[in-house]
Amino acid sequence: MSNELMHRELDEYCTSLAQADRLNGCVLVASEGRIMLSKGYGMADFVNRIPNVPQTIFRIGSMGDQFIAMAVMIMQELKLISVDHPVSKYLPTVPHIDEITIHQLLSYTSGLYDQSSYSLLRDIIERITGRACEDYIFHAIFKPLGMINSGYGIPNDMYSTIEDLYLWGLALHTQRQISEQAYLRMTTPYKAQYGYGLFIEQEEMLGRSRKVIGHTESESGFMSIMKHYKHVDLTVIILSNQAAAQAHFSNILAERYSLVDDLAEQITEHLRVPVSYILHAAAKDENSLDRANHIFNELALACVPYFESIQHVPRLEQLYERLAVVSESGRRYKESTVYYQKLVYLLRNR
């Protein structure tokens, strides 16, 4: 879809939730470096009637653990530390940790209580760098990435915005600050699908299993969700001060965004040729019209299993409209439209 059309669809859906008192916060949806939606819904301050905007700051709780993990990985890249070393090498005065490694703290596989693991990581960062953990994270992560609205409150409670978290996600998944090897260690699932400060899970979407990297937090009335669907390069971020009714909201947003793109992907896989190629062929070359006709017949057969009911046909129409934009000047647009109409007819009357 075009950015404008995708923005409209996602915004209409979020607005309907806000009007039903099921959404109060900020939402960002982006794919392949394009932000499709970045907007606030409802109120940041109900008393003073201050609305939520993309720059509204929210508490994100334990979602901040991923920044501690990144700080440790940056230190490893600088050869200040090794995650395979025992904790006792860096904190010799702490009892009963002789056999525990930094990797085990990061991945919650040490046997210690969860928060104890990341508290020890904070202590290690401060001992090695000689700076407060928050200060090191600010200079090593927030400042270089331009995360101007992120930081720590009291006691060590991190806050951020959807825009800042998007900048962080871009840097994380493109390995801007660490090597690919370090990134793989962070995003490999260990105990209970947990990597280093991140959950790595499989989520069902449109009948297919998708790899999702991110974190979800809900505490003290705040909800924070950040998910990156690796295979389709889709990011969904939700920050809210109304946590109760929105646990599956990110899944729904991802599905609404991915329906058309997922269909195109599956058709391409079935036909072994991009759908956009079909439209280019029909638009540019009269001699290719017979081939385009044949492929559209195959396309109809390929589409049928992915449509549960007639209500999904408009999605296919949207797909065609978006792809038709790429055809050069529509030279053979009428012919390609005929084939597309034939495809829709076959689907409606299957």
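1. The protein has 12 helices and 11 strands, where helices (H or I, at least four residues) and strands (E, at least two) are DSSP runs numbered from the N terminus. This is a predicted model, in which local features need pLDDT of at least 70 and side-chain atom pairs count only at pLDDT 80 or more, while totals for chains, interfaces and linings use all residues. Residues are numbered from 1 along each chain as its sequence is written, and side-chain values use heavy atoms, with hydrogens and water left out.

2. Of the 350 residues in the protein, 51% are buried, a word that stands for under 20% relative accessible area, with exposed meaning over 50% and partly exposed in between (1.4 Å probe, protein chains only).

3. Helix H6 (residues 162-173) has 12 residues and should span 16 Å at 1.5 Å a residue, which agrees with its end C-alpha atoms being 16 Å apart; the expected span is 1.5 Å times one less than the number of residues. H6 is mostly covered, since nine of its 12 residues are buried, including Tyr166, Trp168 and His173. Just after H6, Gln175 takes a positive phi of about 55°.

4. The axes of helix H2 (residues 65-77) and helix H5 (residues 133-145) come within 10 Å and cross at roughly 75°, so the two are roughly perpendicular to each other, a label for angles of 65 to 115 degrees. Their contact (heavy atoms within 4.5 Å) involves, among others, Phe67 and Met70 of H2 and Tyr136 and Phe142 of H5.

Technical notes. Axes are lines fitted to C-alpha atoms, for helices over the stretch in contact, and angles run from 0 to 180 degrees between N-to-C directions. Angles under 35 degrees count as roughly parallel, over 145 as roughly antiparallel, 65 to 115 as roughly perpendicular and the rest as oblique.
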